[in-house]
Amino acid sequence: MKTNVSMLKDYLKCPQLAHNLHVVRRGPAVKAVTLEVGTLFHEAMEQRMKGAAPGAWKISLSDVSDDARAAWNKHKLWLPVDEFKLDAGWEIVGVEVPLEGEADRDVILQGRLDVLIRYNGKYWSLQWKTFDGSDLLSLCERVRLSYHEVAYQWLAEKNGYTPWGGTILGACAKLPGYRIIGGKRQEIGDGERAAALTTHFLARPPQTQASMWFHTLRELRRVSILDKLIEPVRHYDQCFGFGSKRCPFFSVCHEGGSLDDPQFVTLEDRYAV
């Protein structure tokens, strides 16, 4: 079976969720605003990586919700996109680079790197994330110690991109409209917004990568049976995300709904040939 890094991530949340999204390929028609904004930022940075000049890139503003457009304008995310300058030592090997490798018998793993960079004699995966709040250190650690990055590194090395350096995280803070300092309201200026995108080099020691890949491979073997299951296991603790928002498939699992209901749409297969 062919599986991919995103399927693995969703499987770890809930096998039923992964089955719906990646085997049946049905998902919610309405996306979360944070996801829509992140997608817009990714679109813009992808074009910058392909050579678009500041202000010359185009994004799908007409395809997102009013709330997402409002958030994009509120945070003025075009400012950090235009301000970004590629480091003189970075060589862009490719953008949206597809990778594939045989992880185990009958388990083909697929992935797609946002940007593949060669820097300082090593290969790096450059990716973009937008985030709220000021906890940048936590974001960096979540990215560094994630199944995603472990699997991407294995795939990259399997495809000959060695020696591997790690992940270059382009993290863009979605700054608020203002701050209260000393009891007074202080507006966030355009200069601070333009500097909201910062880059961070994240790497794992070889022994950490080997240990994490061992556990990743064990989970991939479980994921590989998803298309053979009539009714995958459900992780009920995830139905409300451990107390936050409910799963988009809650109505299907608990209220007699169907994946054919109008709130779901057919998802594109990113790895289709």
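This is a predicted model: local features need pLDDT of at least 70, side-chain atom pairs count only at pLDDT 80 or more; totals for chains, interfaces and linings use all residues.
Two packed helices are described by the angle between their axes and the distance between the axes. In the model, helix α1 (residues 5-13) and helix α9 (residues 206-223) have axes that come within 10 Å and cross at roughly 85°. Because angles from 65 to 115 degrees count as roughly perpendicular, α1 is assigned a roughly perpendicular orientation to α9. The contact is formed by M7, L8, Y11 and L12 on the side of α1, which meet T216, E219, L220, R222 and V223 in α9. Classified by residue type, this contact of α1 with α9 comprises six nonpolar, one polar and two charged residues.

The largest nonpolar core contains 35 residues, of which F41, M45, L126 and W128 touch the most other members. At least two residues of this core are supplied by each of α3 (33-49), α4 (66-75), β4 (107-119), β5 (122-131), α6 (136-144), β6 (164-173) and β9 (197-202), and the most are given by α3, which provides six residues.

Helix α2 (residues 15-23) is largely enclosed by the rest of the structure, because seven of its nine residues are buried. The buried residues of α2 are P15, Q16, L17, A18, H19, N20 and L21, and they pack against α1, β2 (26-28) and α10 (250-254). Just after α2, the backbone at R25 takes a positive phi of about 60°.

A further local feature concerns I225, which is placed in the loop between α9 and α10. With a relative accessible area of 40%, I225 is partly exposed, since this category lies between the limits of under 20% for buried and over 50% for exposed residues. Although I225 and M1 are 224 residues apart along the chain, their C-alpha atoms are separated by 7.9 Å in the model.

Methods. Residues are numbered from 1 along each chain as its sequence is written. Side-chain values use heavy atoms; hydrogens and water are left out. Axes are lines fitted to C-alpha atoms, for helices over the stretch in contact, and angles run from 0 to 180 degrees between N-to-C directions. Helices (H or I, at least four residues) and strands (E, at least two) are DSSP runs, numbered from the N terminus. Angles under 35 degrees count as roughly parallel, over 145 as roughly antiparallel, 65 to 115 as roughly perpendicular and the rest as oblique. Contact means heavy atoms within 4.5 Å. Ala, Val, Leu, Ile, Met, Phe, Trp, Tyr, Cys and Pro count as nonpolar, Asp, Glu, Lys and Arg as charged, and the others, Gly among them, as polar. A nonpolar core is a set of buried Ala, Val, Leu, Ile, Met, Phe, Trp, Tyr and Cys residues joined through side-chain atoms within 4.5 Å. Buried means under 20% relative accessible area, exposed over 50%, partly exposed in between (1.4 Å probe, protein chains only).
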